[in-house]
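Visitor: I'd like to learn how to read a model like this one, feature by feature. Could you walk me through it?

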Amino acid sequence: MRGATVIEFLSGLGRSGLHWLAVLGRASVFLFRVLLAQDAVVRRFRLTLAELYSVGVRSMLIIMVSGLFVGMVLGYQGYITLVNFGAAEALGGVVALSLVRELGPVVTALLFAGRAGSALTAEIGLMKTTEQLSAMEMMAVDPYRRVFAPRFFAGFLSMPLLAALFSAVGVMGGYIVGVGLLGVDSGSYFSQMQAVTDWREDVMSGVIKSIVFGFVVTWIAVFQGFDAEPTSEGISRATTQTVVVSALAVLGLDFILTGLMFGDL
Amino acid sequence: MSKDPVSETPHVVIEDLVFRRGRKLIFDGLSLTVPRGRVTTVMGPSGTGKTTLLRLIGGQLRPDSGRIWVDGEEVARLSNRRLYALRKRMGMLFQTGALLTDMSVFENVAFPLREHTRLPEELIRTLVLMKLEAVGLRGASDLSPAQLSGGMARRVALARAIALDPDMILYDEPFAGLDPITMGQIVTLIQRTNRTLGLTSVLVTHDVVEAMAISDQVVLIAEGRVMDSGTAEEVRAGTSEWSQQFLGGHPDGPVPFHYPGSSYRDDLLNDAGRDRD
């Protein structure tokens, strides 16, 4: 009896592994075809602009508000710790480094997956369910060029810009709390920030992270919509998968990228 | 156009088609011919693969074996570029209309023209209004798809399907779920489109009366094969038990009322029934 349970467990594990391998295979073929269709981004620039607006510009509000609050909390928590060591003037550096290296790219990617990623999945999944993608194919219009490529590019381009915006607003949030409410010197806040933040090591590492996260989150979101089962339950599952898989991928990749960029692992 | 709209060369030829979905065999050696410039209706019970047949003709699916020729070209062997060129010569009307929901009715009909031609905007406007007038919906050109009834959506989809003046139109369940007036409008439109434009029309449906009234050829399919074919009169007069059950709408016959399963008595009385819980 116990042997049968172990075999059942192992076969279930095998089935699950095969399922995820198949999904990864389909996702890779899909990505390859989307990348091949990227010339459509330039040729159909108006479509790309519309998607940049939908994916990027319409995510700005949530990114800015979140960035402000995260920066304010960082300013407050940083001050409480630093003031014990008489180093409250270093607050600007702490806030900037935390945001630029880690919180900017990671939190933006998580918010981006929730706001724009889920919307992309639902939109494409609904287009599939209502046979709009099939109709395009039958009208000799390639959905990879018309639908997927502009959305993929818009997501990929928007993410680093949104992450930069998040960090910039976060720095101002830290300033409001640190300088405005807790009395840290304004000049020290910015001079410490400039002194400890290295362009190549800190800012560029954050930019690289946000580019990678943008690529992965948009790939997951567009693929989940394309691969969704064409039912309302299927779309609901695909939308959830986008958020969950993106979050796990972002956090896992963040660890790997941090290890690669800052070494010592 | 050099082709004779009603010539003896068939528009579509399907030979020994075999197609599976997973383990389920959908077509098992199906063969049929669609004459050029005529209305051919493929009928059969739900789930027999009628829509799948249209997707195979349109090259959206590939057969496991057998061949499909459209306009003399073997669909499964075409490169993407040539398949898209072939699709420009065929229109497809989907059961739901499949209108692009982020565009107005006008933009939906203009969509294939904008994608495949470089016509000036004024000419596109004239063409779109002509197509919409043909389906009686010129006045609805500014509406969005969400504002249309099911029948109107299908008429707009028909206007879009004929926008590029194709040689053939594939209709997927064009009468499903329509009220009698709208159904009459769609029947008239299919007939008129076929006659005035000389198109080849392939309908898949299980609405016997409407389909029989407008078809030049009727093909009955079930169990992956052609059960009967011919003109409406020939099929109606046929002696096949299966055809008579289908056309007469009899609940039991060669197609049983009960889905195959174990004995009813066993299911109710034996432990097998309890085990399921």
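Guide: We'll go through helices, sheets, turns and contacts in turn. Keep in mind that this is a predicted model.

Visitor: Let's begin with the big picture for chain B. How many helices and strands does chain B have?

Guide: Chain B has eleven helices and ten strands. Its C-alpha atoms fill a box of roughly 75 × 40 × 40 Å along the principal axes. Of the 277 residues in chain B, 36% are buried. If you take the contacts in chain B with a separation of 6 or more, 63% of them join residues 24 or more positions apart.

Visitor: Now sheets. What holds strands together in general?

Guide: Strands of a sheet pair through backbone hydrogen bonds, and the pairing is either parallel or antiparallel. For a case here, take the open sheet of four strands in chain B, with the order β2-β1-β4-β5 and antiparallel pairing. Its edge strands are β2 and β5 (73-74) of chain B, each pairing on one side only.

Visitor: Which strands does β1(B) pair with, and over how many bridges?

Guide: On one count, β1 (residues 10-21) and β2 (residues 24-35) of chain B pair in the antiparallel sense over nine bridges. V12(B) stands opposite V34(B) there, the latter in β2(B). β1(B) also pairs with β4 (residues 65-70) of chain B, again antiparallel, over five bridges. In that pairing E15(B) stands opposite R67(B) of β4(B). Moving on through the sheet, β4(B) and β5(B) pair in the antiparallel sense over two bridges, with V70(B) opposite E73(B) of β5(B).

Visitor: What sits between β1(B) and β2(B)?

Guide: The two strands form a hairpin with two residues between them. One to look at is G22(B), which is in the turn and has a positive phi of about 65 degrees.

Visitor: And which residues of chain B have a positive phi although they are not glycines?

Guide: Among them are A98(B), with a positive phi of about 50 degrees, and D165(B), also at about 50 degrees. A98(B) is found in the loop between β6 (90-93) and α3 (105-116) of chain B. D165(B) is found in the loop between α5 (150-161) and β7 (168-172) of chain B.

Visitor: Are those two buried or exposed?

Guide: Count the C-beta atoms around each. A98(B) is buried, since it has 26 other C-beta atoms within 10 Å. D165(B) has 13 within 10 Å, so it is partly exposed.

Visitor: What is the strand order in the sheet of six strands?

Guide: That open sheet runs β6-β7-β8-β3-β9-β10 (chain B), and its pairing is mixed. β6 and β10 (225-230) of chain B are the edge strands, each pairing on one side only. Ignoring direction, neighbouring strands of this sheet are turned by 15 degrees against each other on average. For a parallel example, look at β3 (residues 39-43) and β8 (residues 200-205) of chain B, which five bridges join. M43(B) stands opposite T205(B) in β8(B).

Visitor: Over to chain A and a helix. How do I tell which way the residues of a helix point?

Guide: An α-helix has 3.6 residues a turn, so residues three or four places apart point the same way. The buried residues of α3(A) are T48(A), E51(A), L52(A), V55(A) and G56(A). They cover an arc of only 110 degrees around the axis, so they lie on the same side of α3(A).

Visitor: Which exposed residues are on the face turned away from the buried side of α3(A), and what does the buried side pack against?

Guide: The face turned away carries the exposed residues R46(A), L49(A) and Y53(A). The buried residues pack against α2 (39-43), α5 (91-129) and α7 (143-181) of chain A.

Visitor: Can you show me one residue of α5 in chain A?

Guide: Pick A109(A), found in helix α5 of chain A. A109(A) is buried because 29 other C-beta atoms lie within 10 Å. Leaving aside neighbours within four places in sequence, A109(A) is in contact with M159(A), F213(A), V217(A) and V250(A).

Visitor: Last one: how many residues of chain A are in contact with chain B?

Guide: Ten residues of chain A are in contact with 13 residues of chain B. On the chain A side, five are nonpolar, three polar and two charged.

Technical notes. Residues are numbered from 1 along each chain as its sequence is written. Chains are lettered from A and ligands numbered from 1 in the order in which they are written. This is a predicted model: local features need pLDDT of at least 70, side-chain atom pairs count only at pLDDT 80 or more; totals for chains, interfaces and linings use all residues. A residue is buried if 20 or more other C-beta atoms lie within 10 Å of its own, exposed if 12 or fewer, and partly exposed in between; C-beta atoms are placed from the backbone. The arc is that of the directions from the helix axis to the C-beta atoms. Two residues are in contact if their C-beta atoms, placed from the backbone, lie within 7 Å. Ala, Val, Leu, Ile, Met, Phe, Trp, Tyr, Cys and Pro count as nonpolar, Asp, Glu, Lys and Arg as charged, and the others, Gly among them, as polar. Two strands pair if DSSP finds at least two bridges between them. Axes are lines fitted to C-alpha atoms, for helices over the stretch in contact, and angles run from 0 to 180 degrees between N-to-C directions.
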